[in-house]
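Visitor: Hi! Could you walk me through this one? I'd like to start with how terms are used.
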Amino acid sequence: MRSYEDDGQSQESLKLRPNQTESQALLIRRKRPLSPLERISSLLSQDVLSPEVMQLREQEQHEEEAEKCDPAVVTGEEDLETYTGPGTAKEPKAAAFQRVEGQVYPTLLGESLLTSGELLIAEYRKNRRVEFRKMFQLQPGSRLQSSWGIIMHEDLMGQPAGRFLKTSRGVPIFIRRASLEDYALHMKRGPAIAYPKDAANMLLMMDVMEGDCVLESGSGSGAMSLFLSRAVGSKGSVLSVEVREDHHRRSVKNYERWRMSWALRREQEWPNNVEFQHADLCSSSSLLAGRGFHSVALDLIHPHLVLPTVLPHLHPGAVCAVYLANITQVVDLLEGLRCSGLPVLCERVVEVPVRDWVVDPALQKDGQYCTRKAPNLGEDPRSQEESSDGANGENNFGPAFGNVPYIARPHPQQMSHTAFLVKLRKFV
Ligand SMILES: C[S@@+](CC[C@H](N)C(=O)[O-])C[C@H]1O[C@@H](n2cnc3c(N)ncnc32)[C@H](O)[C@@H]1O
């Protein structure tokens, strides 16, 4: 790892320049990668910091102001501290640390502060339950409205992602960027989507790799198209076929909206690798002519009717993964395959259960942590009481490590059944 300390340039910066004070020289010396402890402390909210750390922070802020006033001191992109990572100074920056309102935040290559047009998630949790979750697009002049109050979009611009912001009613709402999973779950839908947990398993079944050519049908709302697009990357391609025009248009819109938001967030393009076609896959022989596919994903009614058109274009030994909501549809598919004698083996029929759990420290009615009670080994109970309040076992975060019992049980709200996945493999 390269550090500023072993860089000839930074050795130079340790020397006092004419008209430079010790503290200014110190400031320049501070342009170094943060230690893990400093990074963690910079992520903590102010109210959990010790007075010593707060004092250091204030001192740092004063020095910063001095730095701004002194034209001799290089400020660069204002408060951007850069750590160039391994390699030479000419290589692109691997990571950076941005300072906002006196706090230092690590940012990865291309991940900048929130900007107009990005897709964000606002979330409010009470008693560890999600009470409110909303995806929205950051736009000047707009406001995020909820039963818990309002946040002006202007107040979010230029902020780091992953931050609590208070509404007009003083309620802290967590703001972060939308992941692809969030986007698929919250984007406007035409038909039902392939749920992310199922889509992820279909990618595994299909063994999709960067650079693959994949066929998908129907496009539906475009969720599966997005997961496939990410899996095959810029060197691969996805052909997505949809029979209904309204669904075809919806999937294209959803795809383009995600790409637009991605470009703002990363300052680089999401691969433009999905070809959406409005057609009936049953009669798409001409569309498929001359094309071969590493794998196929089918999420449509009566998949056994499209397989005769699709299978000639699937590589021998490759997989066609089928998404079906009902087990009776799975039976129809297998019966269809039996009767048609198509060259595919049914390797697996699976359901993908995901079970959420509640795992939390146990709390008393007054909101304080419960504490484990040690067995009474015949000691004087008064001495136990004395040791449990104060000197022993308590710190700023409550009882010491290991002293709090936890509750752990399945979450009362579970995602119910979504689909069956059928793995078909072509043989020759
Ligand atoms: C459940 S949706 C697919 C959802 C999609 N996988 C997603 O993640 O958003 C099923 C779609 O298949 C389409 N479809 C049904 N039969 C088709 C066919 N023969 N050719 C092309 N599309 C078809 C329907 O119009 C519908 O939009």
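Guide: Happy to. A residue is called buried if 20 or more other C-beta atoms lie within 10 Å of its own, exposed if 12 or fewer, and partly exposed in between, with C-beta atoms placed from the backbone. This is a predicted model: local features need pLDDT of at least 70, side-chain atom pairs count only at pLDDT 80 or more, and totals for chains, interfaces and linings use all residues. Residues are numbered from 1 along each chain as its sequence is written.

Visitor: Why does Ser112 count as partly exposed?
Guide: Ser112 is partly exposed because it has 18 C-beta neighbours inside 10 Å.

Visitor: And where does Ser112 lie?
Guide: In the loop between strand 3 (103-108) and strand 4 (119-126); strands are DSSP runs of E with at least two residues, helices are runs of H or I with at least four, and both are numbered from the N terminus. The C-alpha atoms of Ser112 and Arg266 are 7.4 Å apart, although 154 residues separate the two along the chain.

Visitor: Switching topic: in which sense do strand 13 and strand 14 pair?
Guide: Parallel, over five bridges, between residues 293-298 and 314-324; pairing requires that DSSP finds at least two bridges between two strands. Ser295 has Val319 of strand 14 as its bridge partner.

Visitor: What about strand 14 and strand 20, parallel or antiparallel?
Guide: Strand 14 pairs with strand 20 (residues 420-426) in the antiparallel sense, over six bridges. There, Tyr323 has Leu421 in strand 20 as its bridge partner.
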